[in-house]
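This briefing goes through helix packing, aromatic pairing and some backbone features, grouped by topic. Please read it alongside the sequence and the coordinates.

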Amino acid sequence: MVNAFLIAALAASATPHADRLDALCAPLRQGAAIDLAGISYRPEQAHAPGQALAAVDARQSMLLLPDGRFLLRTSNLYPGDIEFRYRTLGDSDGERTVDELGWRDGDVLQQDDAATTARDLADLRMLAPGLLACDALMRAGGGATTTGETLAFKDGAGREVILAFDASGDLASARQGVEIYRYEAWSTRQGVRLPARIVHARDDRERERWTQVRARPAQDRDAALLSLPDGYRPADPPSPLRATPLGAGAYRIDGAPSGYHTGFVVGENGIVLFDAPIAVEEAETVRAVIERTAPGRPIRHVVVSHVHGDHVAGLPAYRDAEVLTGAGGADALRRQLGDRLPARVREVTQAETIDLGDRRIRVLPLASHHAATMLVGFDPASGALFQGDLFYIPERGAVPVAFTTGRELIALIDTARLDVRTLVGVHGRSGTPQDLHDAVARMPAVNDRGCVGEQMTGTKPCRPSPGE
């Protein structure tokens, strides 16, 4: 709690900004409810292969209380209407996070320790400049320093934060290490002084641009929001890295530290892989498992489902293989991997067949809204269809509602008349065509963002997310 003694201590430190900081802090001393909406820039996640950054529709809601308790809800919408929606609840003992949509992490309850939570909370307060002002005032007598138009203090995680002010005395920016937050176009709204925009950059590269910034003082009734939905439990112990048979010489790698999966099919003349996530080091351990599973069989081809960075970063582990990518994908791979990219890269623009001697693998381009370079692999012998990001089932938990990409996959299967028995994804467990159809049938007619970005301060009613 900021008091007159602390304000006096800040004034005694010769800063001319005590009054302005106190004015920012005063309405939010009992905590703040905050909603943000804008754009998050994600490297190598764009729809078009020629774009290095994806501009992702981002929304965020926060409740930050003076005793260190907080609620964070985020919603990020990637190309193809693929949404990540998470809820985090934190206090001085640590934080717990759940996947509200259940597609990526299912019913897993992720947990972090108190030190990680302190850093996360300090980062969130950078998005609430009124609370940042409170922090500066609270630490005025414990190490705050001023130099001209800046003020430095230690945040709740013990890291130095440097505040800078503009010519009119408004807070212009806050810097913590390589992270910088710029506060632009200040005005007073319903008694709370707020910037119209908050721009977050890292290493001088813009990461987020929040163009809708809303906040109000926390109220006693807000404490009821500090809860997680039922039905979540801690993660299972990690499983060993292994090749799981899918039947008839088809396999999927399970137990990778990243949680990603590589599929592969073994033929008389060699092996075809599907995707190379998520780093070279992990791909090398995966390659060792594949070579033990099919000794003496060369890895001849790696079919890249699409050129998003998390699906291709392991390609240097397969330098002796031919890489198959969708139209325009070769330049995107060179942009990401440079001279570490395998020498043989070929773009697939129409359906083709890979001949392994005793079996033939079909490779089919798909005009997906998620990625223009999308390829799907199908092994008729096992009935296994290999795909990346088109359909998800978590490792543990119920089959979730599908995204737009699920409809695209059904259309491809029907048009190509594929006799699919198993759907193998890079994310989550394998599924069946019936799982896919059931998930698509449950898709809402209108995309529901679960009130994220308007939950805390919005006045219009909105549909709550599942579990609320």
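Which residues in helix 8 meet which residues in helix 9? In this predicted model, Gly406, Arg407, Leu409, Ile410 and Ile413 in helix 8 are in contact with Leu436, His437 and Val440 in helix 9.

**Helix 8 and helix 9**

- The axis of helix 8 and that of helix 9, the latter spanning residues 433–441, come within 9 Å and cross at roughly 135°, and this angle makes helix 8 oblique to helix 9.
- The crossing in which helix 8 passes helix 9 is left-handed, and the contact of helix 8 with helix 9 is made up, by class, of 5 nonpolar, 2 polar and 1 charged residues.

**Helix 2 and helix 4**

- Helix 2 (residues 18–25) and helix 4 (residues 129–138) have axes that come within 7 Å and cross at roughly 130°, so that these two helices are oblique to each other.
- Helix 2 passes helix 4 in a crossing that is left-handed.
- On the side of helix 2 the contact involves Ala18, Leu21, Asp22, Leu24 and Cys25, which meet Pro129, Gly130, Ala133, Cys134, Ala136 and Leu137 in helix 4; by class, this contact of helix 2 with helix 4 has 9 nonpolar, 1 polar and 1 charged residues.

**Aromatic rings**

- With ring centres required to lie within 6.5 Å of each other, the count comes to 8 aromatic pairs, and one of these is formed by tyrosine 392 and phenylalanine 403, whose rings are edge-to-face at 6.1 Å centre to centre with 80° between the planes.
- Tyrosine 392 and phenylalanine 403 are 11 residues apart, and each is in the loop between strand 25 (384–387) and helix 8 (404–416).
- Both tyrosine 392 and phenylalanine 403 are buried, and together with Tyr78, Phe84 and Trp103 they form one aromatic cluster.

**Tryptophan 186 and its surroundings**

- Tryptophan 186 lies in strand 11, which covers residues 179–189, and because its relative accessible area is 14%, tryptophan 186 counts as buried.
- When residues up to four places away in sequence are not counted, tryptophan 186 touches Leu24, Pro129, Asp170, Leu171, Arg193, Leu194 and Pro195; among them, Leu24 also takes part in the contact of helix 2 with helix 4, as does Pro129.
- Between the C-alpha atoms of tryptophan 186 and leucine 71, residues that are 115 places apart along the chain, the separation is 25 Å.

**Backbone features**

- Alanine 185, also found in strand 11, has a phi near 60°, which is a positive value in a residue other than glycine, and at 42% relative accessibility alanine 185 counts as partly exposed.
- Aspartate 275 likewise has a positive phi, near 75°, in a residue other than glycine, but this residue lies in the loop between strand 18 and helix 5, where aspartate 275 counts as buried because its relative accessibility is 1%.
- The peptide bond from proline 277 to isoleucine 278 is cis, with omega near -20°, and isoleucine 278 lies in the loop between strand 18 (270–274) and helix 5 (280–293).

Conventions
Residues numbered from 1 in each chain as written. Predicted model: local features only at pLDDT ≥ 70, side-chain atom pairs only at ≥ 80, totals over all residues. Heavy atoms only, no water. Phe/Tyr/Trp six-rings, centres within 6.5 Å; stacked < 30°, edge-to-face > 60°. Helix = DSSP H or I, 4+ residues; strand = E, 2+ residues; numbered from the N terminus. Buried < 20%, exposed > 50% of the residue type's maximum accessible area, 1.4 Å probe, protein only. Axes fitted to C-alpha atoms, helices over the stretch in contact; angles between N-to-C directions. Parallel < 35°, antiparallel > 145°, perpendicular 65-115°, else oblique. Left-handed = near helix turned anticlockwise from the far one by under 90°. Contact = heavy atoms within 4.5 Å. Nonpolar A, V, L, I, M, F, W, Y, C, P; charged D, E, K, R; others polar.
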